[in-house]
Every structure is written in C-alpha cells, then in structure tokens.
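Colleague: I'm new to this one and would like to learn how to read it. Could you walk me through it, feature by feature?

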Amino acid sequence: QVLSLPIVVIVHGNQDNNAKATVLWDNAFSDIERVPFIVAERVPWEKMCDTLNLKFMAEVQTTKGLLKEHYFFLAQKIFNDHSASFEDFQSRHVSWAQFNKEILPGRGFTFWQWFDGVLDLTKRCLKSYWSDRLIVGFISKQYVCKLLSTEQDGTFLLRFSDSEIGGVTIAYVIRGKDGSSQVENIQPFSAKDLSIRSLGDRIRDLGQLRNLYPNIPKDQAFGSHYNKEQTGKD
C-alpha cells in the first residue's frame, strides 16, 4: 500500500467546489507524518496567502502572481475587517470555517466559492489581460472610488465583482459640469458574456472609457486584445 494524494468522492457536480476546497486545504496544510485525515483547523494567514498565490498561478497558468495589495484586500474579505493594517493581518490565523463554511456578510457564498469563481473566470477568459497586468482585480469598490475620484473623466479600472461569483466589472469616473466626480460600476461580465464578446472588444465599444488607471489611453493598453473586425460589419 502507498499513501495517495487527497481524494474526495462526490455524487453531484454541485459538490465539486467544496471538494476542491478540501483537497487544497489538505495539500497545503497537512503534515506528512500525520494521522490520516487530520489537518489543522487554523493556519497562519501568511501561509494561506502563499497557497492562494500558488493556486492562482497554477490554475490560470500565468507567471504573474498576487501582489501585496491583493493580499490586503483578500484579508479584509475573509476576516470581515476593514480597520486592520496589512501588518496586523500577517500575525492572524485563518480557520477552515472562514475559508469555506461561513457565508460572507451580505452574500450567499463562502470566501472559497468566490475565489474559485475568480480563478475559473480568469483561466477561461482573462488570462492574457491578467498576465499583462491590465486587471487590478482584487480591490474593494470603496477603494476604487477613492482612487478614481481625483482622476480625469473616463479613467477606468477592472475589478472582480464582490456581489457575484465569477464576474469582472469596470469602474469608471464621470465628471459633471461643476467638476464633481461620480464613480460608476458597469454590470459585471460573466464567462458566458465574455465568450460572446471579449473583454477587449467590450472596452473598445464603450465610448465613456478613455484611460486605464492611472493614465494609459485605452487603445494603447488594450489594442493588442482587440479582435480585427471586418470593416462595415454590423
């Protein structure tokens, strides 16, 4: 006999997400010399960051991993704490319940279900955009408003939806005649939406989008991602 990698048996596709979470947790945090099936219930947040980063890079097949500011956003999300500093989170431990049992506040899904949705969307539709660092992705709506409110009209950035699993949304700033700014968020695009028309072409279609934050003309940033369409095509 020989010990195998962790296996989870499921009876329906809707259990797939939980099964992947169990395998990920077991692979990342179990000790080699352990009683079978016994895994730590709580692990250092720093170790969780490394695990999420390795999982993201392997799944999306990119060399561009998560950044410090991404970890900060993910920590705020999983701990439901917007007052702690980046350093405060580094000394905390995260539990299995926080990872994949407890429903996120005001949502109908767990942290892992949300993160796995981001993985799937990025792998299927956004790999090249992520690898070119055109997507900020892991950033809160509140922080986006803070960033964009001082920028010129039509400045935009891309972030993963907080309210939907597997969605990417575009936030952009509009300035009124009085100079006041307002940040708008476009309805999130799902993998199904992006299979019909790519993200690059959708950005080209939207005339109100001008510069990718902080100040890159959108055709310069996304031009290589536009599809060459026939002239005169409806």
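**Starting from a single residue**

Modeller: Let's begin with Met-48: setting aside neighbours within four places in sequence, Met-48 is in contact (heavy atoms within 4.5 Å) with Trp-25, Phe-29, Val-94 and Phe-99. Before going on, note that this is a predicted model, where local features need pLDDT of at least 70 and side-chain atom pairs count only at pLDDT 80 or more, while totals for chains, interfaces and linings use all residues. Residues are numbered from 1 along each chain as its sequence is written, and side-chain values use heavy atoms, with hydrogens and water left out.

Colleague: Is Met-48 buried or exposed?

Modeller: Buried means under 20% relative accessible area, exposed over 50%, and partly exposed in between, with a 1.4 Å probe and protein chains only. Met-48 counts as buried because its relative accessibility is 0%. You'll find Met-48 in helix α2, residues 45–60. Helices here are DSSP runs of H or I with at least four residues, strands are runs of E with at least two, and both are numbered from the N terminus.

Colleague: How many helices and strands are there in the chain?

Modeller: The chain has 10 helices and seven strands. Of its 234 residues, 44% are buried. The C-alpha atoms fill a box of roughly 65 × 45 × 30 Å, taken along the principal axes.

Colleague: How do I read a sheet, and in what order do the strands come here?

Modeller: Strands of a sheet pair through backbone hydrogen bonds, either parallel or antiparallel. Two strands count as paired if DSSP finds at least two bridges between them. Here five strands form an open sheet with mixed pairing, in the order β5-β4-β3-β6-β7. The edge strands, β5 (181–185) and β7 (216–217), each pair on one side only.

Colleague: Which way do β4 and β5 run, and how many bridges join them?

Modeller: They run antiparallel, joined by five bridges. Ile-174 stands opposite Gln-182 in β5. The hairpin of β4 and β5 has five residues between the strands, and there Gly-179 takes a positive phi near 90°. Over at β7, the pairing with β6 (residues 211–212) is antiparallel too, over two bridges, and Leu-212 stands opposite Ile-216 in β7.

Colleague: Which strands does helix α7 lie across?

Modeller: For angles, axes are lines fitted to C-alpha atoms, for helices over the stretch in contact, and the angle runs from 0 to 180 degrees between N-to-C directions. Helix α7 (residues 141–148) lies across β3, β4 and β5, at about 165° to β3. Helix α6 (residues 111–131) lies across β3 (155–160) and β4 (168–175), at about 135° to β3.
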